Amino acid sequence: MRASRLVSILLLLQNRERMTAQELADVLEVSVRTVYRDMQSLGAAGVPLYGEPGHDGGYRLLGGFRTRLTGLTADEADSLFLTGLPAAAADLGRGTAVTAVQLKLMASLPAELRDRAGRIAERFHLDAPAWYREGDRAPHLSAVAEAVWNDRAVRMRYLRWAEPHEITRVVEPYGLVLKAGHWYLVAGGAEGLRTYRISRVVSLHVLDERFERPEGFDLADHWQNYLRFFDTRRQQGEATLRLSPGAFHRLPHLWESAMADAAQRTATRPDADGWVRVTIPIESVEQALPELLRLGADAEILAPAGLRAHMARTLDALTRVYRRPA
(Lines give C-alpha, C1' and ligand atoms only; values in the text may rest on other atoms or scores of the structure.)
Protein backbone atom coordinates (compact mmCIF):
# COMPACT_ATOMS: atom_id res chain seq x y z
CA MET A 1 0.00 0.00 0.00
CA ARG A 2 2.77 2.46 0.91
CA ALA A 3 4.83 1.55 -2.15
CA SER A 4 1.82 2.28 -4.36
CA ARG A 5 1.35 5.62 -2.60
CA LEU A 6 5.00 6.60 -3.16
CA VAL A 7 4.62 5.84 -6.87
CA SER A 8 1.45 7.92 -6.95
CA ILE A 9 3.31 10.87 -5.38
CA LEU A 10 5.99 10.64 -8.06
CA LEU A 11 3.39 10.54 -10.84
CA LEU A 12 1.43 13.43 -9.34
CA LEU A 13 4.51 15.63 -9.15
CA GLN A 14 5.51 14.57 -12.65
CA ASN A 15 2.11 15.49 -14.07
CA ARG A 16 1.41 18.67 -12.08
CA GLU A 17 4.98 19.93 -11.53
CA ARG A 18 4.25 21.42 -8.08
CA MET A 19 1.94 20.38 -5.25
CA THR A 20 1.65 21.30 -1.58
CA ALA A 21 1.64 18.68 1.15
CA GLN A 22 -2.04 19.42 1.77
CA GLU A 23 -2.93 18.94 -1.92
CA LEU A 24 -1.10 15.62 -1.97
CA ALA A 25 -2.80 14.53 1.24
CA ASP A 26 -6.24 15.37 -0.20
CA VAL A 27 -5.65 13.42 -3.43
CA LEU A 28 -4.15 10.39 -1.67
CA GLU A 29 -6.64 10.50 1.23
CA VAL A 30 -3.93 10.46 3.92
CA SER A 31 -2.75 12.93 6.55
CA VAL A 32 -0.27 15.72 5.87
CA ARG A 33 2.08 14.07 8.36
CA THR A 34 2.04 10.90 6.24
CA VAL A 35 2.96 12.97 3.18
CA TYR A 36 5.92 14.46 5.05
CA ARG A 37 7.15 10.95 5.97
CA ASP A 38 6.71 9.78 2.37
CA MET A 39 8.74 12.73 1.10
CA GLN A 40 11.57 11.87 3.47
CA SER A 41 11.51 8.26 2.21
CA LEU A 42 11.62 9.37 -1.43
CA GLY A 43 14.51 11.71 -0.72
CA ALA A 44 16.43 8.97 1.11
CA ALA A 45 15.87 6.72 -1.92
CA GLY A 46 17.60 9.26 -4.14
CA VAL A 47 14.57 10.84 -5.82
CA PRO A 48 15.55 14.42 -6.73
CA LEU A 49 12.76 16.44 -5.14
CA TYR A 50 12.72 19.56 -3.03
CA GLY A 51 10.20 21.64 -1.13
CA GLU A 52 9.65 25.39 -1.29
CA PRO A 53 8.06 27.28 1.62
CA GLY A 54 5.56 30.09 1.31
CA HIS A 55 2.23 30.76 -0.35
CA ASP A 56 3.43 29.68 -3.79
CA GLY A 57 5.59 26.86 -2.46
CA GLY A 58 5.21 23.13 -2.53
CA TYR A 59 7.07 20.02 -3.60
CA ARG A 60 8.76 19.76 -7.02
CA LEU A 61 10.85 17.24 -8.92
CA LEU A 62 14.12 18.50 -10.31
CA GLY A 63 13.80 19.38 -13.99
CA GLY A 64 14.12 16.47 -16.38
CA PHE A 65 13.40 13.71 -13.83
CA ARG A 66 10.74 11.28 -15.03
CA THR A 67 9.71 7.99 -13.53
CA ARG A 68 8.97 5.06 -15.83
CA LEU A 69 6.87 3.22 -13.25
CA THR A 70 3.74 3.38 -15.36
CA GLY A 71 2.81 -0.31 -15.61
CA LEU A 72 -0.80 -1.05 -14.66
CA THR A 73 -1.76 -3.48 -11.92
CA ALA A 74 -4.62 -5.93 -12.51
CA ASP A 75 -7.06 -3.80 -10.48
CA GLU A 76 -6.02 -0.67 -12.37
CA ALA A 77 -6.46 -2.37 -15.73
CA ASP A 78 -9.93 -3.54 -14.65
CA SER A 79 -10.77 0.06 -13.74
CA LEU A 80 -9.78 1.64 -17.06
CA PHE A 81 -13.39 1.87 -18.25
CA LEU A 82 -14.34 3.82 -15.09
CA THR A 83 -11.80 6.62 -15.50
CA GLY A 84 -14.54 8.97 -16.72
CA LEU A 85 -16.88 8.08 -13.84
CA PRO A 86 -15.05 8.86 -10.59
CA ALA A 87 -18.21 8.79 -8.44
CA ALA A 88 -19.27 5.43 -9.88
CA ALA A 89 -15.75 4.08 -9.37
CA ALA A 90 -15.87 5.12 -5.72
CA ASP A 91 -19.28 3.42 -5.30
CA LEU A 92 -17.81 0.22 -6.71
CA GLY A 93 -14.81 0.35 -4.37
CA ARG A 94 -12.45 1.20 -7.26
CA GLY A 95 -11.80 4.87 -6.55
CA THR A 96 -8.15 4.40 -5.57
CA ALA A 97 -7.43 2.19 -8.57
CA VAL A 98 -9.01 4.68 -10.95
CA THR A 99 -6.94 7.53 -9.52
CA ALA A 100 -3.78 5.46 -9.92
CA VAL A 101 -4.54 4.43 -13.49
CA GLN A 102 -5.29 8.02 -14.47
CA LEU A 103 -1.94 9.11 -13.06
CA LYS A 104 -0.08 6.35 -14.89
CA LEU A 105 -1.82 7.06 -18.17
CA MET A 106 -1.05 10.77 -17.85
CA ALA A 107 2.58 10.07 -16.94
CA SER A 108 3.02 7.87 -20.00
CA LEU A 109 1.83 10.58 -22.42
CA PRO A 110 4.14 13.07 -24.13
CA ALA A 111 3.89 16.58 -22.66
CA GLU A 112 1.75 17.88 -25.56
CA LEU A 113 -0.86 15.14 -25.23
CA ARG A 114 -0.74 15.29 -21.42
CA ASP A 115 -1.67 18.99 -21.55
CA ARG A 116 -4.49 18.22 -23.98
CA ALA A 117 -5.89 15.47 -21.73
CA GLY A 118 -5.72 17.84 -18.77
CA ARG A 119 -7.68 20.51 -20.65
CA ILE A 120 -10.41 17.99 -21.51
CA ALA A 121 -10.72 16.90 -17.86
CA GLU A 122 -11.03 20.54 -16.82
CA ARG A 123 -13.79 21.28 -19.34
CA PHE A 124 -16.06 18.20 -19.39
CA HIS A 125 -17.71 16.41 -16.47
CA LEU A 126 -20.35 13.66 -16.34
CA ASP A 127 -22.99 13.94 -13.59
CA ALA A 128 -25.15 10.81 -13.75
CA PRO A 129 -28.00 11.46 -11.24
CA ALA A 130 -31.11 13.29 -12.41
CA TRP A 131 -31.79 16.90 -11.40
CA TYR A 132 -32.87 17.50 -7.80
CA ARG A 133 -32.27 13.87 -6.90
CA GLU A 134 -29.44 12.14 -5.17
CA GLY A 135 -28.24 8.71 -6.18
CA ASP A 136 -29.35 5.66 -4.25
CA ARG A 137 -27.70 4.64 -1.02
CA ALA A 138 -26.49 1.15 -1.85
CA PRO A 139 -24.41 -0.32 1.01
CA HIS A 140 -24.14 -3.72 -0.69
CA LEU A 141 -22.91 -2.37 -4.02
CA SER A 142 -19.22 -3.02 -3.40
CA ALA A 143 -19.88 -6.66 -2.45
CA VAL A 144 -22.08 -7.15 -5.51
CA ALA A 145 -19.36 -5.64 -7.69
CA GLU A 146 -16.78 -8.07 -6.32
CA ALA A 147 -19.13 -10.96 -7.10
CA VAL A 148 -19.54 -9.62 -10.65
CA TRP A 149 -15.75 -9.27 -11.10
CA ASN A 150 -15.12 -12.81 -9.85
CA ASP A 151 -18.14 -14.67 -11.33
CA ARG A 152 -19.41 -15.75 -7.91
CA ALA A 153 -23.02 -16.46 -7.05
CA VAL A 154 -24.71 -14.48 -4.26
CA ARG A 155 -27.54 -15.16 -1.83
CA MET A 156 -29.56 -12.05 -1.14
CA ARG A 157 -32.67 -10.88 0.64
CA TYR A 158 -34.50 -8.45 -1.60
CA LEU A 159 -37.38 -6.04 -1.04
CA ARG A 160 -39.73 -5.87 -4.03
CA TRP A 161 -43.06 -4.18 -4.76
CA ALA A 162 -45.14 -7.34 -5.32
CA GLU A 163 -46.30 -9.76 -2.62
CA PRO A 164 -44.46 -11.29 -0.84
CA HIS A 165 -42.41 -8.10 -0.49
CA GLU A 166 -39.28 -9.67 0.99
CA ILE A 167 -37.77 -12.63 -0.86
CA THR A 168 -34.53 -14.61 -0.69
CA ARG A 169 -32.83 -15.65 -3.91
CA VAL A 170 -29.56 -17.18 -5.08
CA VAL A 171 -28.52 -15.48 -8.30
CA GLU A 172 -25.58 -15.32 -10.70
CA PRO A 173 -24.59 -11.65 -11.12
CA TYR A 174 -23.77 -10.92 -14.77
CA GLY A 175 -23.36 -7.16 -14.64
CA LEU A 176 -24.09 -3.79 -13.04
CA VAL A 177 -25.78 -0.80 -14.69
CA LEU A 178 -25.82 2.81 -13.47
CA LYS A 179 -29.01 4.53 -14.64
CA ALA A 180 -29.81 8.12 -13.58
CA GLY A 181 -27.97 7.72 -10.27
CA HIS A 182 -29.45 4.29 -9.49
CA TRP A 183 -27.49 1.01 -9.61
CA TYR A 184 -29.11 -2.13 -11.04
CA LEU A 185 -27.92 -5.74 -11.02
CA VAL A 186 -28.62 -7.96 -14.03
CA ALA A 187 -28.50 -11.56 -12.80
CA GLY A 188 -29.56 -15.06 -13.78
CA GLY A 189 -31.21 -17.60 -11.51
CA ALA A 190 -34.00 -20.12 -11.15
CA GLU A 191 -36.48 -17.41 -12.21
CA GLY A 192 -34.49 -16.59 -15.37
CA LEU A 193 -32.78 -13.31 -16.18
CA ARG A 194 -33.91 -10.58 -13.78
CA THR A 195 -33.01 -6.97 -12.93
CA TYR A 196 -32.65 -5.93 -9.28
CA ARG A 197 -32.27 -2.42 -7.87
CA ILE A 198 -29.24 -2.53 -5.58
CA SER A 199 -30.68 -0.09 -3.03
CA ARG A 200 -33.48 -2.62 -2.34
CA VAL A 201 -31.06 -5.41 -1.38
CA VAL A 202 -31.61 -5.98 2.35
CA SER A 203 -28.70 -8.35 2.94
CA LEU A 204 -26.21 -10.14 0.72
CA HIS A 205 -23.71 -12.99 1.03
CA VAL A 206 -21.16 -13.83 -1.67
CA LEU A 207 -20.97 -17.61 -2.10
CA ASP A 208 -17.88 -19.70 -2.81
CA GLU A 209 -19.57 -21.26 -5.80
CA ARG A 210 -18.51 -19.89 -9.18
CA PHE A 211 -20.64 -19.79 -12.32
CA GLU A 212 -20.07 -19.64 -16.06
CA ARG A 213 -21.35 -16.51 -17.77
CA PRO A 214 -23.72 -17.23 -20.68
CA GLU A 215 -21.79 -17.33 -23.92
CA GLY A 216 -22.38 -14.24 -26.01
CA PHE A 217 -24.16 -12.31 -23.24
CA ASP A 218 -23.90 -8.56 -24.00
CA LEU A 219 -24.80 -6.38 -21.02
CA ALA A 220 -25.35 -3.15 -23.00
CA ASP A 221 -27.53 -4.91 -25.59
CA HIS A 222 -29.54 -6.69 -22.89
CA TRP A 223 -30.13 -3.41 -21.04
CA GLN A 224 -31.46 -1.64 -24.14
CA ASN A 225 -33.86 -4.52 -24.80
CA TYR A 226 -34.92 -4.48 -21.14
CA LEU A 227 -35.72 -0.75 -21.29
CA ARG A 228 -37.82 -1.19 -24.43
CA PHE A 229 -39.73 -4.09 -22.84
CA PHE A 230 -40.14 -2.17 -19.57
CA ASP A 231 -41.68 0.85 -21.30
CA THR A 232 -44.00 -1.33 -23.38
CA ARG A 233 -45.13 -3.31 -20.34
CA ARG A 234 -45.74 -0.38 -18.01
CA GLN A 235 -47.41 2.02 -20.46
CA GLN A 236 -50.37 -0.09 -21.54
CA GLY A 237 -53.06 2.58 -21.16
CA GLU A 238 -53.79 5.78 -23.08
CA ALA A 239 -55.13 9.21 -22.23
CA THR A 240 -56.54 11.87 -24.54
CA LEU A 241 -55.87 15.47 -23.55
CA ARG A 242 -56.63 18.96 -24.74
CA LEU A 243 -53.57 21.21 -24.36
CA SER A 244 -53.01 24.96 -24.58
CA PRO A 245 -50.24 26.19 -26.93
CA GLY A 246 -48.00 26.97 -23.94
CA ALA A 247 -48.43 23.53 -22.37
CA PHE A 248 -47.83 21.78 -25.70
CA HIS A 249 -44.50 23.53 -26.21
CA ARG A 250 -43.39 22.85 -22.60
CA LEU A 251 -43.94 19.08 -22.77
CA PRO A 252 -40.32 18.10 -23.66
CA HIS A 253 -39.17 19.91 -20.51
CA LEU A 254 -41.85 18.45 -18.22
CA TRP A 255 -42.43 14.85 -19.29
CA GLU A 256 -40.32 11.82 -20.06
CA SER A 257 -39.52 11.38 -23.73
CA ALA A 258 -42.03 8.58 -24.42
CA MET A 259 -44.98 10.76 -23.32
CA ALA A 260 -43.71 13.97 -24.92
CA ASP A 261 -42.93 12.23 -28.23
CA ALA A 262 -46.36 10.62 -28.34
CA ALA A 263 -48.00 14.01 -27.77
CA GLN A 264 -46.00 15.57 -30.60
CA ARG A 265 -46.81 12.65 -32.91
CA THR A 266 -50.59 12.59 -32.28
CA ALA A 267 -51.31 16.32 -32.02
CA THR A 268 -54.29 17.52 -34.07
CA ARG A 269 -54.58 20.87 -35.80
CA PRO A 270 -55.19 23.72 -33.29
CA ASP A 271 -58.83 24.59 -32.64
CA ALA A 272 -60.27 28.11 -32.57
CA ASP A 273 -58.56 28.78 -29.22
CA GLY A 274 -55.20 27.40 -30.38
CA TRP A 275 -55.54 24.23 -28.26
CA VAL A 276 -54.64 20.78 -29.63
CA ARG A 277 -55.73 17.25 -28.85
CA VAL A 278 -53.07 14.63 -28.12
CA THR A 279 -52.97 10.97 -27.09
CA ILE A 280 -50.29 9.81 -24.65
CA PRO A 281 -49.36 6.45 -23.10
CA ILE A 282 -49.94 6.08 -19.37
CA GLU A 283 -49.11 3.39 -16.85
CA SER A 284 -52.17 3.89 -14.61
CA VAL A 285 -54.60 6.56 -13.44
CA GLU A 286 -52.60 7.03 -10.24
CA GLN A 287 -49.28 7.38 -12.10
CA ALA A 288 -50.63 9.78 -14.73
CA LEU A 289 -52.31 12.24 -12.38
CA PRO A 290 -49.15 13.88 -10.94
CA GLU A 291 -47.74 14.37 -14.45
CA LEU A 292 -50.95 16.06 -15.61
CA LEU A 293 -51.18 18.23 -12.52
CA ARG A 294 -47.88 19.79 -13.56
CA LEU A 295 -49.70 21.38 -16.52
CA GLY A 296 -52.29 23.10 -14.30
CA ALA A 297 -55.19 24.75 -16.11
CA ASP A 298 -53.34 24.46 -19.44
CA ALA A 299 -54.54 20.86 -19.87
CA GLU A 300 -57.94 19.18 -19.91
CA ILE A 301 -58.38 15.39 -19.65
CA LEU A 302 -60.91 14.15 -22.20
CA ALA A 303 -60.45 10.38 -21.69
CA PRO A 304 -60.47 7.94 -20.02
CA ALA A 305 -63.43 8.88 -17.86
CA GLY A 306 -61.80 7.36 -14.77
CA LEU A 307 -58.76 9.64 -15.08
CA ARG A 308 -60.95 12.71 -15.65
CA ALA A 309 -63.03 11.84 -12.56
CA HIS A 310 -59.89 11.26 -10.48
CA MET A 311 -58.57 14.70 -11.49
CA ALA A 312 -61.93 16.31 -10.59
CA ARG A 313 -61.91 14.70 -7.11
CA THR A 314 -58.31 15.81 -6.56
CA LEU A 315 -59.09 19.39 -7.59
CA ASP A 316 -62.19 19.46 -5.34
CA ALA A 317 -60.05 18.34 -2.39
CA LEU A 318 -57.43 21.00 -3.17
CA THR A 319 -60.13 23.68 -3.42
CA ARG A 320 -61.49 22.74 0.03
CA VAL A 321 -57.98 22.97 1.49
CA TYR A 322 -57.22 26.40 0.04
CA ARG A 323 -60.59 27.90 0.83
CA ARG A 324 -59.92 27.45 4.53
CA PRO A 325 -58.18 30.36 6.26
CA ALA A 326 -54.44 29.84 6.50
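Tutor: A patch joins residues with over 30% relative accessible area and no salt bridge, like charges within 9 Å and nonpolar side chains (Val, Leu, Ile, Met, Phe, Trp, Tyr) within 5 Å. Areas come from the Shrake-Rupley method with a 1.4 Å probe, where for residues only the protein chains shown count as cover. A salt bridge puts a side-chain nitrogen of Lys or Arg within 4 Å of a carboxyl oxygen of Asp or Glu. The model is predicted: local features need pLDDT of at least 70, side-chain atom pairs count only at pLDDT 80 or more, and totals for chains, interfaces and linings use all residues. Residues are numbered from 1 along each chain as its sequence is written, and side-chain values use heavy atoms, with hydrogens and water left out.

Student: Which helix gives the most to the nonpolar patch?

Tutor: The patch consists of Leu293, Leu315, Leu318, Val321 and Tyr322, with about 470 Å² of accessible area together. Helices (H or I, at least four residues) and strands (E, at least two) are DSSP runs, numbered from the N terminus. Tyr322 lies in helix H13. With four residues, the top contributor is helix H13 (residues 305-323).

Student: Which residue forms a salt bridge with Asp298?

Tutor: The whole structure holds nine salt bridges. In one of them, the closest N and O atoms are 3.8 Å apart, and Asp298 pairs with Arg250. Asp298 sits in the loop between helix H12 (285-293) and strand E11 (299-303), 48 residues from its partner in helix H10 (residues 245-254), Arg250.
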